[in-house]
Amino acid sequence: MSLRIYNTLSRQTEEFVPLQTPQVRLYTCGPTVYDFATIGNFRAYVFEDLLRRTLRFRGFQVTQVMNLTDVDDKTIRGAQAAKVALGDYTRQYTNAFFEDLRTLAIEPAEHYPAATAHIPEMIALIEILFQKGYAYRSEDGSVYFSIAKFKDYGKLAHLDLTGLKPGARIAQDEYQKENAADFALWKAWQSEDGDVAWDSPWGRGRPGWHIECSAMSMKYLGASFDLHTGGVDNIFPHHEDEIAQSEAATGRPFVKYWMHCAHLVVDGRKMSKSLGNFFTVRDILRRGYSGREIRYALMAVHYRQALNFTFEALDADCGALARLDAFSERLLAHNDQKSAVSGQRSEDGGQQSKIENQKSKMSALPAWMGAYLAAFTRALDDDLNISLALAALFDFVHEGNKRLDEGALSPAEAAQALDTLAHIDGVLGVRPGDTLIPPAAVVQLAQARLQARQRKDWAEADRLRREVEAQGWIIQDAPDGFRVKRNSDPRVNAQIGNG
RNA sequence: GGCGCGAUAGCCAAGCGGUUAGGCACGGGUCUGCAAAACCUGUUAGACCGGUUCAACUCCGGUUCGCGCCUCCA
């Protein structure tokens, strides 16, 4: 079995064969850092992370580039409105973006090139396009790409633009284009740009949007690379234009596989500020949900399927995660009696070595366990069929629980089951972190309650339970004492700031 | 108008021409000072109309409804 993915270029599911196995070069269209990114944006980044983790799970070595668009109309306008320098303005949102990536356990890419740090590369690329006759300069000093010169134009979007005529949607400042569908490689300076400008052979100005991705992907990944991802809305014009620029300049195929994820909607409607259904990751955290819960919700629907985000679904996802947690805890307790306190995890080392280590362990699994791991893998192999993969995981949980009930699972097998879960989580990235370890004060209260129980002082025991609950933790009695768990009810967490 | 996607049980969401998807919720049970948690277990499907077939949720055609893109929005 091998990994198969849907290629937007062919509109078909194809076997994934990298240009230089086992090396995989992946380019991901990153954020425009003009505001906090929304959960819609992060749907795309969680998808890209699932792809990245699946590739690594399947033994590929991934080199990933994610660009940061830090100069465009919106960033310039935002900086001017805030009366700060462009770099100062974008820096705060870049920092927020990286914070959100960590919140959602998205593995870092190898490179995060910023557009403003690669102006010379873009200018060099535009010069090549001039030399080869694909670019022309208009009177105002802007430079455009002539799509008429590139015969494959439209092969990604499957659009026929030959009949397209200039209309109302063509901005006034672009009247100088030869063809309505020609796009800007370089934008001549205008007064609205303020002090945002760079010198170029064609005069002062700034780069067009598409050129940054071509220039930066070539710099870090080479003229041809394996995978390019983004949201469906990027297919046209952004990715179509990237192909045109890049292939015109190098004469070589730009990208082998294009993958695009569908949009996220909220309550069945497009997210918009006027509908009041507009959410950033921070907004959801403020409501008491955790990063991994948001991650799970954004990941659990197949990437080519529109994702309908609702709080009802998010609550259901919390339940699903709780089921996974409970199974891990049972296994941990079965394997190691020391675990009176829930939530401790041994392995949070580097992801790279983690996956390598897991791999060798996975070869010696009991047959029943191996079958579920195989089913999980098979599902991912089929164009990242996450729903089917999760079904395999929950089938594994079900059988594991059953075996525990029947006393048919040895402590050694429990350890193997934990290894299997860790291996699977190398892809999913939803295991709880330190947030599940209770503070010492809470544990003390729980201890005091245990003593009250042993005295059969039920009133005091109940009082102490309520005190613990007020701090966002729940006591669960167990045959060997008690467990303290973080309250996962988002309403409670939102209230006491437990998020 | 052009290109494309979808409609599955209370909600979310898969595979499959005939054999239990899965999660949440709900019902029943085990356990329990209380409380919960956990586990086991059960019920509710395939928008509509035709066709192909021994057999269709699954293939084909049509209808209805919803959605996306068609110049800078992941």
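**The protein surface near RNA strand B**

At least two residues of the surface near RNA strand B come from each of α1 (39-57), β9 (225-231), α9 (311-335), α12 (386-405), α14 (440-454), α15 (458-470) and β14 (473-478). Helices (H or I, at least four residues) and strands (E, at least two) are DSSP runs, numbered from the N terminus. This is a predicted model, in which local features need pLDDT of at least 70 and side-chain atom pairs count only at pLDDT 80 or more, while totals for chains, interfaces and linings use all residues. Residues are numbered from 1 along each chain as its sequence is written, chains are lettered from A and ligands numbered from 1 in the order in which they are written, and side-chain values use heavy atoms, with hydrogens and water left out.

Helix α12 gives the most to this surface, with nine residues. In total, 49 residues surround RNA strand B, and the closest are Ala180, Gly231, Asn234, Asp405 and Asp477. Of the atoms of RNA strand B that come within 4 Å of the protein, 60% belong to sugar and phosphate. A residue is near the strand if one of its heavy atoms lies within 4 Å of it. By residue class, the surface near RNA strand B comprises 18 nonpolar, 14 polar and 17 charged residues.

Pro237 is located in helix α6 (residues 235-250). Its C-alpha atom is separated by 9.2 Å from that of Ala181, 56 residues apart along the chain.

Technical notes: Nonpolar A, V, L, I, M, F, W, Y, C, P; charged D, E, K, R; others polar.
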